[in-house]
Number of protein chains: 2
Amino acid sequence: MNIEEFREFGKASVDYIADYFENIRKIDVISKVEPGYLKTKLPENVPPTGEPWQKVLQDVDRVIVPGLTHWHSPHFHAYFPTANSFPGIVGELFLSGLGCLSKDWDSNPACIELEVRMMDWLAKILGLPGEFLNSSEGPGGGVIQNAASESTLVGLLCGKQRALRDTLKQHPNLDETYIIPKLVAYTSKESNSSIEKAGLLASVTMRLLPTDKNGSLRGDVLLEAIIRDKDDGLIPCCVVATLGTTGSCAFDNLDELGRVCSNGGIWLHVDAAYAGAAFACPEYRYLMKGIENVDSFNFNPHKWMLVNSDCSAMWFKNTKDVERAFKVKATLPKIPSFKPELEHWQIPTSRRFRALKLWFVLRIYGIEGIQKHIRQQISLAKFFEHLARIWGLSALDLGGEDSLTQELLDEISRRNKIFLMPYYYREKLVVRFVICSRFTEKSDILYAWREILSLVKHEEPYIHNSDKDFTNGKSESQDAEKKNT
Amino acid sequence: MNIEEFREFGKASVDYIADYFENIRKIDVISKVEPGYLKTKLPENVPPTGEPWQKVLQDVDRVIVPGLTHWHSPHFHAYFPTANSFPGIVGELFLSGLGCLSKDWDSNPACIELEVRMMDWLAKILGLPGEFLNSSEGPGGGVIQNAASESTLVGLLCGKQRALRDTLKQHPNLDETYIIPKLVAYTSKESNSSIEKAGLLASVTMRLLPTDKNGSLRGDVLLEAIIRDKDDGLIPCCVVATLGTTGSCAFDNLDELGRVCSNGGIWLHVDAAYAGAAFACPEYRYLMKGIENVDSFNFNPHKWMLVNSDCSAMWFKNTKDVERAFKVKATLPKIPSFKPELEHWQIPTSRRFRALKLWFVLRIYGIEGIQKHIRQQISLAKFFEHLARIWGLSALDLGGEDSLTQELLDEISRRNKIFLMPYYYREKLVVRFVICSRFTEKSDILYAWREILSLVKHEEPYIHNSDKDFTNGKSESQDAEKKNT
């Protein structure tokens with residue numbers, strides 16, 4: 001393909017994508033294909049000679065789009081939002097087009113320096129403490145990772161290594177092989193499965209602690225577990241707190257957990273993958289009270305902050321900890337041209353120029369645009385609450401048996417007008433309703449609510465009012481709604 | 001930004017990228033900026049309100065491009081190739097544009113099914129044994145990971161868990177905390193630093209074994225190390241073999257290593273990140289002799305096979321092993337609609353639709369186009385060899401002191417006509433010369449060679465002739481060259 005063909009193909013694809021979004025309301029949210037549908041649609045081998053791009057574009061339309069679950073349909077209320085925006089798409093086109101990776105600074109000065117600056121921009125937008133900034137005097141800093149799961153694993157490995165070092169310092173007679181199997185970490189039962197997985201991958205026992213009735217992990221529960229483990233000769237090394245759980249958007253009590261961790265010298269990692277974006281609006285920052293005791297903090301701009309996947313933002317209070325856990329002896333003893341050396345804060349050894357799309361999104365939206373997006377989506381969730389008395393990413397309990405809930409969901413899927421997912425919340429099957437697409441409007445909420453109501457044949461649904469129960473945030477979010485309208 | 005503005009911005013960006021490549025020869029390969037250059041060029045905060053896209057595009061030109069190291073310049077011979085192609089760029093635009101993630105099949109049937117098919121296409125292109133295919137009767141299969149570093153970590157964790165299970169089966173009286181600290185893994189001294197890093201992250205001792213004079217890890221060296229460790233009560237769990245080392249593109253003796261691993265029940269992971277793409281040409285497949293004893297195999301289409309980063313291909317002989325190591329109890333006990341469940345073969349819990357760009361590249365190039373690209377780049381390396389008597393990604397030893405080599409490199413960097421990197425090869429500083437850009441032509445090799453020669457003030461450079469020493473591949477690659485011209 002020569003440059004002129006690339007211009008044509010690229011522009012035709014921009015138009016295809018634009019048309020796709022122009023028509024997104026007309027497309028059924030769930031794909032109608034059956035498992036294995038692709039088998040007969042594509043040959044079993046790579047074509048021996050190249051095919052024209054026009055044929056490939058036709059096949060996107062013929063083979064791919066009919067097999068998509070449309071995450072950006074305004075009727076998609078399942079899983080979680082995955083960010084998408086026009087500046088984000090073009091940002092990705094640019095970073096992929098220029099195609100310059102980075103390892104150390106010399107391999108791509110623009111990539112490293114823009115990422116350093118963008119992570120500071122983001123930290124300031126969220127109101128994180130200054131010590132997390134790359135530009136701070138101290139050892140704090142931020143970096144873009146691939147995924148929240150990866151960030152959790154990175155945080156846990158930092159905690160593991162720090163506990164190992166600290167224990168060796170206190171007990172120089174012990175050795176690594178004695179200490180490592182005794183390390184233990186904690187999270188809540190409501191935390192994402194990726195946290196339990198991080199424990200599995202890091203060979204660190206991950207205790208899933210019970211939450212209070214609002215889905216929040218509390219300090220006393222954590223402290224009790226730590227004391228029990230210490231009595232058994234184990235070594236607590238890490239706590240993973242969740243701000244915005246997957247099931248019901250519950251917030252752990254960071255303030256209480258932070259004090260326990262700080263007193264015990266235990267690494268505190270925060271998984272705010274989804275809900276962290278809301279801290280761009282000052283009125284929600286009370287939910288991260290206690291942030292000053294956090295060692296690493298992660299949220300995904302690629303979930304709720306309009307930056308196309310992948311872009312998972314992670315900060316460390318002390319980046320020396322991650323370097324100690326991740327840096328191996330360099331092949332070439334070289335003085336770095338520029339600090340920080342982001343390549344030692346991650347699992348891969350090179351990085352894509354993801355800062356570019358973050359820059360595009362932050363500039364073209366501005367603080368105002370980002371805040372407007374967050375507030376609008378919360379106001380839509382509040383409108384659903386107004387209809388159904390629930391708030392945000394929350395749980396709709398149909399009151400009856402789990403099987404009735406499952407029946408309702410099956411029927412909703414079969415009709416394919418909206419897409420919802422179930423979740424076990426406190427041992428009960430509930431329906432999650434998430435505002436996902438940035439195209440979702442008030443009329444779409446009404447549409448979804450009518451669809452649900454039309455199918456609830458039994459009693460009136462009981463709603464977990466997370467506004468009161470989980471977040472105590474009603475007045476703040478209502479204020480936000482007022483400001484936004 | 002509305003849809004019409006997106007069309008304009010997108011198309012202007014396609015043109016910008018096309019112009020960039022049209023002019024790539026005119027740009028100095030290394031950026032002239034000084035460390036910290038970006039500080040004064042961008043504000044310290046996100047703009048309060050959104051900015052027009054035209055201003056952002058101007059700033060790409062003003063701030064970003066001058067700070068790039070141009071990985072696709074035909075004069076870039078440093079690090080390793082990072083793939084880039086027009087079909088790959090448009091593929092990335094599409095996957096980012098449609099913006100549909102996947103977790104399980106229901107979340108995006110097209111993504112899962114295309115990835116399953118594309119990994120089979122790729123396996124067939126490389127001539128991997130049929131048991132690695134997703135469509136095989138057995139438990140084998142392939143998946144796209146983010147990076148080779150990640151694939152190595154995944155392979156190592158599989159080996160760790162399998163050894164743990166096997167040991168527990170043989171010695172039911174032992175427990176996990178006794179076994180895990182005794183696990184040990186092996187790789188060569190010439191392997192990429194990411195392999196040592198994987199050992200650090202997985203808390204598995206990674207032994208760096210010496211190679212033969214060609215940079216190749218041999219079976220007897222491995223066997224000796226294993227016997228020694230077993231005598232010391234340790235438990236060998238994994239070997240990471242390299243096909244194409246970073247320093248000199250040496251190939252471990254997979255046949256010998258495979259037999260040792262197979263006899264000892266030790267997981268064998270292959271890191272063929274860069275050189276694996278060459279197996280698309282049957283004449284290089286002799287270098288993967290012994291592949292039938294491999295448990296996991298990884299190569300990066302995003303290095304040398306024209307697919308824009310990230311796209312790291314990984315296959316397992318038995319995917320049950322990775323599921324045992326990676327799968328945590330599901331939140332919802334759900335029967336999967338479709339197998340394989342790719343989400344349990346990786347660290348993150350969701351995946352981008354990367355199969356799409358792989359599909360674009362494989363179709364628009366075809367087998368013929370892929371092979372032509374590989375053969376052309378090898379023929380260019382052979383032309384450099386013809387000039388300098390070296391082959392492929394190889395090592396140029398200036399014969400004198402390391403300081404002379406460093407001086408030469410500094411002078412080359414200062415002049416900024418070509419970009420080369422040093423490497424310690426068998427304890428000696430040598431110059432690596434890599435064919436990276438797909439735009440590199442014969443005239444560029446001449447250009448580079450003249451540049452090097454003009455600066456070599458001392459004795460005639462001595463060349464490690466890897467063609468004879470490392471690969472025994474002269475006749476095959478010369479044949480390839482003939483076919484290609």
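Here are legends for a few views of this predicted model.

**View 1. The fold of chain A.** Chain A is built from 16 helices and 11 strands, where helices (H or I, at least four residues) and strands (E, at least two) are DSSP runs numbered from the N terminus. The radius of gyration of chain A is 24 Å, close to the 23 Å that the globule rule gives for 485 residues, so chain A is as compact as a globular protein of that length. That radius is taken over C-alpha atoms, and the rule is 2.2 Å times the number of residues to the power 0.38.

**View 2. Inside chain A.** Of the 485 residues in chain A, 67% are buried, meaning under 20% relative accessible area (1.4 Å probe, protein chains only). Look at contacts in chain A with a separation of 6 or more, and 76% of them come from residues 24 or more positions apart; a contact is heavy atoms within 4.5 Å.

**View 3. Charges on chain A.** Chain A carries 58 positive and 63 negative side chains, with Lys and Arg as positive, Asp and Glu as negative, and His and the chain ends not counted.

Residues are numbered from 1 along each chain as its sequence is written, and chains are lettered from A in the order in which they are written.

Conventions: Predicted model: local features only at pLDDT ≥ 70, side-chain atom pairs only at ≥ 80, totals over all residues. Heavy atoms only, no water. Buried < 20%, exposed > 50% of the residue type's maximum accessible area, 1.4 Å probe, protein only. Charge placed at Lys NZ, Arg CZ, Asp CG, Glu CD.
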